[in-house]
Amino acid sequence: MNTIFYVKDKTLTPPQEQMFKSYPKLVQYLSEMCQRAYRQTKLQRTQLLEEIGYGADDYNSTLFVRSMQEQFEIGVIRNGR
């Protein structure tokens with residue numbers, strides 16, 4: 001099964017769609033977006049989320065990715081769909 005992650009990045013002018021073949025590459029790109037969107041590092045953003053009650057992030061950056069998904073369109077393409 002071929003899985004591709006995509007992000008519609010509204011922090012760029014003009015907005016662009018980015019695609020990644022691995023989850024770690026997606027998290028790395030979202031870290032860069034976080035800097036542009038919130039002027040925070042991934043660590044700072046995660047600490048803020050934990051402080052306001054979202055719970056601890058896991059080793060897979062699930063909390064961070066879900067928080068970014070609330071503001072930006074992020075999805076998965078499997079087998080071309």
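I take helices (H or I, at least four residues) and strands (E, at least two) as DSSP runs, numbered from the N terminus. My model is predicted: local features need pLDDT of at least 70, side-chain atom pairs count only at pLDDT 80 or more, and totals for chains, interfaces and linings use all residues. Residues are numbered from 1 along each chain as its sequence is written, and side-chain values use heavy atoms, with hydrogens and water left out.

**Entry 1: helix H1**
I looked up H1, residues 23-38. H1 has 16 residues and spans 21 Å from first C-alpha to last. That is close to the 22 Å expected at 1.5 Å a residue (1.5 Å times one less than the number of residues). At its start, a side-chain oxygen of Ser 22 comes to within 3.3 Å of the backbone nitrogen of Lys 25. After H1 comes Arg 39, with a positive phi near 55°.

**Entry 2: the sheet**
I found three strands in an open sheet, ordered E2-E1-E3, with antiparallel pairing (two strands pair if DSSP finds at least two bridges between them). E2 and E3 each have a single partner strand, so one side of each lacks a neighbour in the sheet. Five bridges join E1 to E2. Lys 8 stands opposite Glu 17 in E2.

**Entry 3: Thr 62**
I then turned to Thr 62, which is in helix H3. Is Thr 62 exposed, or partly exposed? Thr 62 is partly exposed, at 22% relative accessible area (buried is under 20%, exposed over 50%, partly exposed in between, with a 1.4 Å probe and protein chains only). Its C-alpha is separated by 9.3 Å from that of Val 27, 35 residues apart along the chain.

Conventions
Polar contact = N/O pair within 3.5 Å; in protein donor to acceptor, adjacent residues only side chain to side chain.
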